[in-house]
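Please look over the sequence and the model first.

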Amino acid sequence: MASSIFYKPLLAASRSDGISAFASHNYLSSVSVQISFRPRRLQIKAAGSSVGTHFRVTTYGESRGAGVGCVIDGCPPRLPLSEADIQLDLDRRKPGKSWISTPREETDACKILSGVYEGVSTGTPIHVLVPNTDLRGHDYSEMSLAYRPSHADATYDMKYGVRTIEGGGRSSARETVGRIAAGAVAKKILKQFSGTEVLAYVSQVHKVVLPEELVDHGNLTLDQIESNIVRCPDSKYAEEMISAMDAVWAKDDSTGGVVTCIVRNCPRGLGSPVFDKLEAELAKAVMSIPASKGFQCGSGFAGTLLTGSEHNDEFYIDQYGNMRTRTNRSGGIQGGISNGEIINMKVAFKPSATIGKKQHTVTREKKETELIQRGRHDPCVAPRAVPVVEAMVALVLVDQLMAQYAQCNLFPVNPELQEPMFPKVEPAEALY
């Protein structure tokens, strides 16, 4: 319904937007002006829920809502795809699988609602839904009164002026379900097109650090990573990591960790100069994961301790006539562009902010108080973050692969300097 307000203003010009006013100070005494407007419904829109340009993924849902999931826009058509392809990775992040993860019991069973027909992608948006089943809103009743230290409760209120109380809403690690579902699709595209593999594992828990030389990145397998609950490929260090988590868990506390991620058989040429460097895109992607606090690629901060002659990766020609580097301190990326070597990176995760100890905090009414958090949590988030890191890296690589294919393979490549990008499988093989 329109409303009308009458007053005697200064301006005198007729405008097409429904406001009449007078432009001269000489018309102050006798003119009434009518302003018409229609009230608008206030709506809060949370930006920042999408990633990618060509392979565009939007996640949705909240920790204690009806469900979580994703919408994938730009997936190539004719990709063999089923719910089983996605379920494998969802089961890897599922809570309640061991004592080192939150005891929340979720089936995490996914349902593809669109974008797949008779076992293949159609090229239209793929919608994946994972219902929430184990809802315990009463565990978070204190959150309606006080802010949990180092959580997003306070900052969400600062930004939006309203938030979902139960379970942290969009800031909950439950949101990563949508990332993993989309990442599973991305990993399948990479594997089908170029034989690219993305693998991550836990390389540090608290002060227990797995020496890099103990892991053969060229031959590392998923079975090695999944052979223990901490997802460390070395059994000896896995036991030490588990003991470290047990020690903090017994004190109602938590600890941080580091996840190492590698990419094998990555096509050369992915990434762009200057602002869209591949490591910059990867850094943004993995740093968007809940609890992530640090990122390094290749030698990272350790490279600052070396000289240029010690750090440089010298080139050579291998037995197959391919140009390679003798070392890989660049981490498979030079000038922001992949060079064909194994991409390796590390992601640091802070200790879980949800702990059983009493902590000082502030209420929403800005009064100091004490809080004991009753929600369920992990003593260390790193083991369950492993498939999430893989997913985010895969999403970046598929997006960059599609960009590279569109820009640099539209016309015939320069065979003396470039490698043509062709899928590893024939179309007929992909369909069956």
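Predicted model: local features only at pLDDT ≥ 70, side-chain atom pairs only at ≥ 80, totals over all residues.

The crossing of H3 past H8 is left-handed.

## Helix H6 and its cover

H6 spans residues 278-287, and its buried residues are Leu278, Leu282, Ala283, Ala285 and Val286. Viewed down the axis of H6, they fall within an arc of 165°, so they line one face of the helix. An α-helix has 3.6 residues a turn, so residues three or four places apart point the same way.

What lies over the buried residues of H6? The cover includes two helices, H3 (176-194) and H8 (382-408). Strands also contribute, including E15 (292-297), E18 (333-334), E19 (337-338) and E20 (343-349).

## Glu279

Glu279 also sits in H6. Is Glu279 buried or partly exposed? Its relative accessible area is 25%, so Glu279 is partly exposed; buried would require under 20%.

Beyond its neighbours within four places in sequence, Glu279 contacts Phe295, Cys297, Ile333 and Gly336. Glu279 and Gln334 are separated by 55 residues in sequence, yet their C-alpha atoms are 9.2 Å apart.

## Cysteines

How many disulfides does the structure hold? The count is zero. Take Cys70: the closest cysteine sulfur is that of Cys110, 9.3 Å away, which is too far for a bond. A disulfide needs the two sulfur atoms within 2.5 Å.

Cys70 is buried, because its relative accessible area is 0%. Cys232 also counts as buried, at 0% relative accessibility.

## The whole protein

The protein has nine helices and 22 strands. Of its 432 residues, 45% are buried.

Contacts can also be sorted by sequence separation. Among those between residues at least 6 apart in sequence, 68% join residues at least 24 apart.

Conventions. Residues numbered from 1 in each chain as written. Heavy atoms only, no water. Buried < 20%, exposed > 50% of the residue type's maximum accessible area, 1.4 Å probe, protein only. Helix = DSSP H or I, 4+ residues; strand = E, 2+ residues; numbered from the N terminus. Arc of directions from axis to C-beta. Contact = heavy atoms within 4.5 Å. Left-handed = near helix turned anticlockwise from the far one by under 90°.
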